[in-house]
Amino acid sequence: MSDVRVFKVENRLAKVIRLPGGKTVAEAVRGADARVASIRDRCLTSLAAKGVQLQQLAEQAKIDSGAASLAELYATANEMFSIAGAFGMTEAAEAAYRLCDLVDDSPERETINWPAIAVHVDGVRFLCSEAGAQDTPTRAAIVEGLRAVAAHCAEG
């Protein structure tokens, strides 16, 4: 049996705030917001590229149906979920999350619901696109449709 080891992680923010003349919480938050804003455009641009990659991975996974392909599809959708969520793209984040959920359930089922996966991939791609970012009514309709698809898949 191995010994239990406890690691104490240094909280740099707490340390800086406690220093005399250190940053205030408000300054730290403003600095973090500025750093996030500085990478926003690059991150949002990467979503479009990841959308293309997502579609290619879904097509490949459908051909070979292997666990590795499904894992790559899941990982890419999860990355898109993270980026979209970090930048307030709630509909895109929800769609990517639902795709992850659908892919995660697939190995447990006897058959993989490829049409449902394809619909989710298309939805995620649109919601992460520039056109999708501009079209609020369509975003809401897509998310509602993906919710219905996911609910139907959960029943079956």
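**Reading a helix pair and a ring pair**

Modeller: This is a predicted model. Start at one helix contact. In H5, Ala116, Val119, His120, Gly123, Phe126 and Leu127 meet Thr138, Arg139, Ile142, Val143, Leu146, Val149, Ala150 and Cys153 of H7.

Colleague: What is the make-up of the contact of H5 with H7 by class?

Modeller: It has 10 nonpolar, three polar and one charged residues.

Colleague: How do I describe two packed helices?

Modeller: Use the angle between their axes and the distance between the axes. Here, helix H5 spans residues 114-127 and helix H7 spans residues 136-155. They pack at about 160°, with axes 10 Å apart.

Colleague: Are H5 and H7 roughly parallel or roughly antiparallel?

Modeller: Angles over 145 degrees count as roughly antiparallel. H5 and H7 are therefore roughly antiparallel to each other.

Colleague: Is the crossing of H5 and H7 left-handed or right-handed?

Modeller: The crossing is left-handed.

Colleague: Next, the rings. How many aromatic pairs does the structure hold?

Modeller: One.

Colleague: How is a pair of aromatic rings described?

Modeller: By the distance of the centres and the angle of the planes. In this structure, Phe81 and Tyr97 lie 5.7 Å centre to centre, with 50° between the planes. The pair is tilted.

Colleague: Where in the chain do Phe81 and Tyr97 sit?

Modeller: Phe81 is in helix H3, residues 67-86, and Tyr97 is in helix H4, residues 90-105. They are 16 residues apart, and the pair links distant parts of the chain.

Terms used
Residues numbered from 1 in each chain as written. Predicted model: local features only at pLDDT ≥ 70, side-chain atom pairs only at ≥ 80, totals over all residues. Heavy atoms only, no water. Axes fitted to C-alpha atoms, helices over the stretch in contact; angles between N-to-C directions. Helix = DSSP H or I, 4+ residues; strand = E, 2+ residues; numbered from the N terminus. Parallel < 35°, antiparallel > 145°, perpendicular 65-115°, else oblique. Left-handed = near helix turned anticlockwise from the far one by under 90°. Contact = heavy atoms within 4.5 Å. Nonpolar A, V, L, I, M, F, W, Y, C, P; charged D, E, K, R; others polar. Phe/Tyr/Trp six-rings, centres within 6.5 Å; stacked < 30°, edge-to-face > 60°.
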